[in-house]
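Hello,

Here is the structure we talked about. Please open it first, then read my notes below.

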Protein chains: 2
Amino acid sequence: MAQKPSIPKGTRDFGQQEMAERNYIFDTIRSVFRTFGYSQIETPAMENLSTLLGKYGDEGDKLLFRILNSGDAFAEADFSRPLASQVCEKGLRYDLTVPFARFVVQHQNDISFPFKRFQIQPVWRADRPQKGRYREFYQCDADVIGSKSQINELELVQIVDKVFGLLGVNVLIKINNRKVLTGFAEICGFPDKVIDITVAIDKLDKIGLEAVEAEMEQKGLTKEAIEVIESILKLSGDTSEKIASMRDLMNGGSASGIVSETGLKGLDELEELFGFIEAAGVKNPVEIDLSLARGLNYYTGAIFEVKALDFEIGSICGGGRYDNLTGIFGLPDMSGVGISFGADRIYDVLKGLDKFPDGLKSSTKILFANMGTEEIEYLLPVASALRNEGVSVEIYPDNTKLKKQFDYADRKNIPFLSITGGDEIAAGTVQIKNLATGDQQTFPKGDIEGIISFISR
Amino acid sequence: MAQKPSIPKGTRDFGQQEMAERNYIFDTIRSVFRTFGYSQIETPAMENLSTLLGKYGDEGDKLLFRILNSGDAFAEADFSRPLASQVCEKGLRYDLTVPFARFVVQHQNDISFPFKRFQIQPVWRADRPQKGRYREFYQCDADVIGSKSQINELELVQIVDKVFGLLGVNVLIKINNRKVLTGFAEICGFPDKVIDITVAIDKLDKIGLEAVEAEMEQKGLTKEAIEVIESILKLSGDTSEKIASMRDLMNGGSASGIVSETGLKGLDELEELFGFIEAAGVKNPVEIDLSLARGLNYYTGAIFEVKALDFEIGSICGGGRYDNLTGIFGLPDMSGVGISFGADRIYDVLKGLDKFPDGLKSSTKILFANMGTEEIEYLLPVASALRNEGVSVEIYPDNTKLKKQFDYADRKNIPFLSITGGDEIAAGTVQIKNLATGDQQTFPKGDIEGIISFISR
């Protein structure tokens, strides 16, 4: 009995149309990474579990796909103990960041720091599949490690600006700084409540000032602390005015009178970064968003998040600075900053906004109909000459009904068709038809330039 | 304690230099596939084990990497039975052919046949790692399914010819035909001994005619059969002469007098294919090689193998026609033909023959040295303008010793360096140095064209 074929849940096949569209996104991102001097690396799909475990929290450990040891995996297992850890030594890559950290430490003697790398590879997570969430999906990451300069942050902002400019998507680039958030917690007098305070700030839009304050009180913050938070929430003006007001607060000007050195350092970073952004000039809006709480557990400086302006979807790109990514693998004090593009969401945005270029609908430019062996042998040098010029050409392989060959061209969106038979051979010509307009022309067999000009219009 | 980082045996990290070289190979192959109208698909890294098991023989089943079911894999296991099959439902892709067959059957209603697809993805095999053999490696396959025309075989030969032409590698393209081999066995009177007879023919070069005949006798072939084989081994002349001589033998002209219809059909295919090859014109030599025994278990028509002429290594590309690839998944009678490029061996050939282009050694064209914040802000618009023209530009992120910045350019093989300081800012200029020649020029800040012309020489 034949099997009914299927693929594991949460995974996907990509057919030619989706591949063309996905490649368009990846190629765009890749080309921009390259103009900024980022170079590509690849790491194996499988890593040792010792590399992966404990890096993504307890929940992450559960979501790792484990690979059964090859050979007789159970031969020496102790069945009185949990088996998974005994019979699996390898797991599938869960993200690109931990393999990158492992790569940097393992190859540190061959790497020129600062090391600017990008990586576009699939990752696997045993998450419950649902709309927009897959068990296999691509990540597109760029990171630079070994430099603390805000030039790196600037370049990531420029990369985001350029990528979405090329893709034709208007975005808002939001920037926060972990040190500033720490500073707020310090001047509130609750240095350990960074996350509570950030979450409260985040809720301002949704629940309003009073509700936020009530929640703060519940979390055990004092009246005085809430007063400080209130002054943060009321910050207004453009970026430099906001930074100036925050500097006052951090410098002892808040209700608590506390000075936060960390907060001031964060403001210096923000100020320098925005200075660079102004000098470089970016097209999409960039703003400070103090509610940005992405990666509070590991980011130590800048935090980025990118939203599409004309399409309702979550963050389509994000990242930040981390100060000790490689420490766990034995290389301390390597500061880095990185960004990750969410290919699947960007795909949905381009689909939703109808931003994929028309050219992606067809890969083949011209189909030579098959009228028989003699005709094909006559056409072969023409097809070769066109291919040598980079034109994608198909010869219908079978000498079958023309209707069937037309249908093939139609279903594959092939824009030009050549029906070349005995008359053309006798005259030494090739006939080509534009299937969209019906426009038809005849060319001398050797006039490749003429043919290319006709099919390029 | 920090872990000493490593990767699973048989897997590899690819750093920037190797990635540039590998991408050069993949991009070349991909571009050629595209000009022949092949379009790309991708399938998931993990397939259901039911899709994979039994497709690669017993040995292949053992070499599959199995993925432990997520959740508590052992919760419902029956420990009195073998566990692997109970706790693993998925495995890693072992090649691209079986997933392609599964794809074709699963999506048959959305596919326009003949279906020309290519696929460039990694595969995984739990083979014992050794020099040149990895547990994770890329395959680059092109197949067309749903057409029996020899035009398809021709195009695969043209693709091989073009790819290696672009890569600068001289190759010999060897062609055999399974039906011809069957025909030989039939006219020998031993239709079930195709493999023994082919292996014997294959050994002719190495052990000579007499030893081959002795071996044939050991395998139980009669004197008369050996006489027939001898006449095959003595075939000479160019391709059309060889085909004509073989046609005589198949047509009852051999010592046995047996006629083989299958053999004659195979010769028709070979003759048609070589006719097309002559009409199309290929640059590398193409020859019939009756000893080609690749894939005798599944190929049913043409068999291809490609050897590098100037570098000693095994086959670097191969393929053939199969008549029932999709039958096991419930779609019978779909004939297809495909070819697979061995990326790792091609890499070794290009390395060995020093054929990688020089341009791959550096991804960044120009480094702007960092002389301070003011200088950087002055240079940022220049860097952006160059990047907009597709030039890869780096700004050294840290304002550190020039020696360190020079070393960075040197180690990354960056060919141009700009040291722009106070004097240049005052004059509104940018200074650029060719690090190889020492040649140095100064440009007005806005003269992007002039800069590009200088760094493109």
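Start with B:Asp407, which counts as partly exposed at 28% relative accessibility. Keep in mind that this is a predicted model. B:Asp407 forms a salt bridge with B:Lys403, at 2.8 Å from N to O. B:Lys403 is exposed, with a relative accessible area of 54%. Both residues sit in helix H14 (residues 402-411) of chain B. They are four residues apart, about one turn of the helix.

Next, a pair in chain A. A:Glu394 and A:Lys412 form a salt bridge, and their closest N and O atoms are 2.8 Å apart. This one links distant parts of the chain, 18 residues apart. A:Glu394 is in strand S13 (residues 393-395) of chain A. A:Lys412 is in the loop between helix H14 (402-411) and strand S14 (416-418) of chain A. Are these two buried or exposed? A:Glu394 counts as buried, at 2% relative accessibility. A:Lys412 is buried too, at 8%.

Now look across the two chains. B:Glu155 forms a salt bridge with A:Arg387, with the closest N and O atoms 3.3 Å apart. B:Glu155 lies in helix H6 (residues 150-167) of chain B and A:Arg387 in helix H13 of chain A, so the pair joins two chains. B:Glu155 is buried, with a relative accessible area of 1%. A:Arg387 is buried as well, at 4%.

Another bridge between the chains pairs A:Lys116 with B:Glu394, the closest N and O atoms being 3.6 Å apart. A:Lys116 and B:Glu394 also belong to a network of salt bridges with A:Glu155, B:Arg387 and B:Lys412.

How many salt bridges are there between chain A and chain B? The count is six. Over all chains, the count comes to 49.

Here is the rest of the interface. Each side gives 100 residues to the contact: 100 from chain A and 100 from chain B. The two chains bury about 8000 Å² between them, 56% of it on carbon and sulfur atoms. There are 40 residue pairs in polar contact between them. On the side of chain A that touches chain B, the largest share comes from helix H13 (residues 373-388) of chain A, with eight residues. That side divides into 45 nonpolar, 33 polar and 22 charged residues.

Last, a helix pair in chain B. Helices H7 (residues 178-188) and H9 (residues 223-233) of chain B pack at about 145 degrees, with their axes 8 Å apart. B:Phe184, B:Ile187 and B:Cys188 in H7(B) meet B:Ala225, B:Val228, B:Ile229 and B:Ile232 in H9(B). The residues of this contact are seven nonpolar, no polar and no charged.

Best wishes

Key:
Residues are numbered from 1 along each chain as its sequence is written. Chains are lettered from A and ligands numbered from 1 in the order in which they are written. This is a predicted model: local features need pLDDT of at least 70, side-chain atom pairs count only at pLDDT 80 or more; totals for chains, interfaces and linings use all residues. Side-chain values use heavy atoms; hydrogens and water are left out. Axes are lines fitted to C-alpha atoms, for helices over the stretch in contact, and angles run from 0 to 180 degrees between N-to-C directions. Contact means heavy atoms within 4.5 Å. Ala, Val, Leu, Ile, Met, Phe, Trp, Tyr, Cys and Pro count as nonpolar, Asp, Glu, Lys and Arg as charged, and the others, Gly among them, as polar. Buried area is the accessible area (1.4 Å probe) that two parts lose on being put together, summed over both. A salt bridge is a side-chain nitrogen of Lys or Arg within 4 Å of a carboxyl oxygen of Asp or Glu. A polar contact is a pair of N or O atoms within 3.5 Å; within protein, one must be able to donate a hydrogen and the other to accept it, and residues adjacent in sequence count only if both atoms are side-chain atoms. Buried means under 20% relative accessible area, exposed over 50%, partly exposed in between (1.4 Å probe, protein chains only).
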